[in-house]
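Me: Please take me through the terms applied to this structure, and set each one against its definition.

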Amino acid sequence: MITAAVAAPFFLATPSLAEEGGRIVPVPKRALYPGDVITEEMLTSKQLSENENASAFITEASGVVGKTSRRTLLPGLPIPKVAIREPVVVRQGKAVSLVYESDTVRITGLAMALQSGSVGETISARNPDSGVVIHGVVMADGSVRVN
């Protein structure tokens with residue numbers, strides 16, 4: 001058991017976050033809802049308290065600007081890394097262009113997106129004529145590349 005005489009030097013030697021300057025993180029000025037594209041004007045900054053784990057949160061505004069929220073983000077609270085994503089390029093239920101390319105052949109077709117996706121994510125799409133489900137990677141132009 002630690003006595004007060006032993007514990008006092010430990011706590012006096014440990015600087016507080018305020019003395020260190022703390023970890024300043026971006027926080028929303030207002031509630032941000034799922035799908036909102038985050039701009040710099042929507043953010044302010046806050047110092048984390050001692051019991052908040054900085055590694056779980058976005059620590060730079062540049063890491064969140066231009067991205068979208070996956071869930072509601074409340075004003076004044078740090079933004080969890082898992083609560084943001086790249087903007088959605090393909091929307092569920094919408095027509096999407098499928099592209100297959102090899103060295104000598106390029107085949108394109110239309111399909112119905114079965115899920116929404118951001119650039120680089122793998123999504124499923126259904127061929128409306130055959131009903132076959134195809135998996136592919138979302139490209140920046142909104143097409144889906146099939147292997």
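Reply: The terms are taken up in turn below, beginning with the model itself. This is a predicted model, in which local features need pLDDT of at least 70 and side-chain atom pairs count only at pLDDT 80 or more, while totals for chains, interfaces and linings use all residues. Residues are numbered from 1 along each chain as its sequence is written, and side-chain values use heavy atoms, with hydrogens and water left out.

Me: What makes up the secondary structure of the chain?
Reply: It comes to two helices and eleven strands. From the N terminus on, the order is α-α-β-β-β-β-β-β-β-β-β-β-β. Helices (H or I, at least four residues) and strands (E, at least two) are DSSP runs, numbered from the N terminus.

Me: Why are β6 and β7 called paired?
Reply: Two strands pair if DSSP finds at least two bridges between them. One of the bridges has glutamate 101 with arginine 106 of β7 as its partner. The two strands form a hairpin with four residues between them.

Me: Why is valine 105 called partly exposed?
Reply: Buried means under 20% relative accessible area, exposed over 50%, and partly exposed in between (1.4 Å probe, protein chains only). Valine 105 has a relative accessible area of 37%, and is therefore partly exposed. This residue is found in the loop between β6 and β7.

Me: What makes a set of residues a nonpolar core, and which residues form the largest one?
Reply: A nonpolar core is a set of buried Ala, Val, Leu, Ile, Met, Phe, Trp, Tyr and Cys residues joined through side-chain atoms within 4.5 Å. The largest has eleven residues, among them Val96, Leu98, Ala111, Ala113, Ile123 and Ala125. The elements giving two or more residues to this core are β6, β7, β9, β10 (133-138) and β11 (144-146). A second, separate core of ten residues includes Ile38, Val64, Leu73 and Ile84.

Me: Which residues does alanine 113 contact, leaving aside its neighbours within four places in sequence?
Reply: Contact means heavy atoms within 4.5 Å. The residues in contact with alanine 113 include Val90, Val96, Ile123 and Ala125.
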